[in-house]
Amino acid sequence: IGDKVLLTAAFVVLTLPALAKPNALPLWLTSLCIGRDVAIAVSALIIVRLRGKRTFPPTLAGKASTICQVAVLYYVLYANAVGRSPEALGWCYIVTALLTAASWVQYGFIGVRMLRERRPAA
């Protein structure tokens, strides 16, 4: 949870143009990344409540999207520190968004499968 809070705070701060100069993260990317994490957390709570399942192993796409999110944050911080706006930054946003969306879809399929499982006998 601590990692997600840190990532969320970093995304929010780096989206505010007054605090992230010269490069602010696009609002759509921040919304996508935070929305994915909120959806996964809410879905996990529902699955725990309805199915009693308490283990949710990470997926390769989930790990890749988290690594990409951290990398894009570092890249924006570095670019801001040196006062440049590299063209590659736009591509980093797109790759991050694609991996985040792919992992969101993958976790969605896993969540639906978990909800369709029969509840273990007590």
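Which element gives the largest share of the lining of the largest pocket? That is α2, with 12 residues.

This is a predicted model, in which local features need pLDDT of at least 70 and side-chain atom pairs count only at pLDDT 80 or more, while totals for chains, interfaces and linings use all residues. Residues are numbered from 1 along each chain as its sequence is written, and side-chain values use heavy atoms, leaving out hydrogens and water.

**Pockets**

A pocket here is an open set of points on a 1 Å grid over the protein atoms alone, where a 1.4 Å probe fits, with protein on both sides within 12 Å along at least five of seven lines; lining residues have an atom within 4 Å of a point. A volume is the space filled by probe spheres set on the points, which are joined across faces, edges and corners.

| Pocket | Volume | Lining by class |
|---|---|---|
| Largest pocket | About 1,000 Å³ | 19 nonpolar, 7 polar and 5 charged residues |
| Second largest pocket | About 180 Å³ | 8 nonpolar, 1 polar and 1 charged residues |

In the largest pocket, 31 residues form the lining, and D37, I40, A41, A44 and Y107 lie nearest the centre. Two or more lining residues come from each of α1 (2-15), α2 (27-51), α3 (60-82) and α4 (88-116). For the second largest pocket, the lining includes D3, L6, T66 and Y74, and the elements giving two or more residues are α1 and α3.

**Cysteines**

The structure holds 0 disulfides (pairs of cysteine sulfur atoms within 2.5 Å). For C33, the nearest cysteine sulfur, that of C68, is 8.7 Å away. The sulfur of C92 is 7.0 Å from its closest counterpart, in C68, which is too far for a bond.

Note on methods:
Helices (H or I, at least four residues) and strands (E, at least two) are DSSP runs, numbered from the N terminus. Ala, Val, Leu, Ile, Met, Phe, Trp, Tyr, Cys and Pro count as nonpolar, Asp, Glu, Lys and Arg as charged, and the others, Gly among them, as polar.
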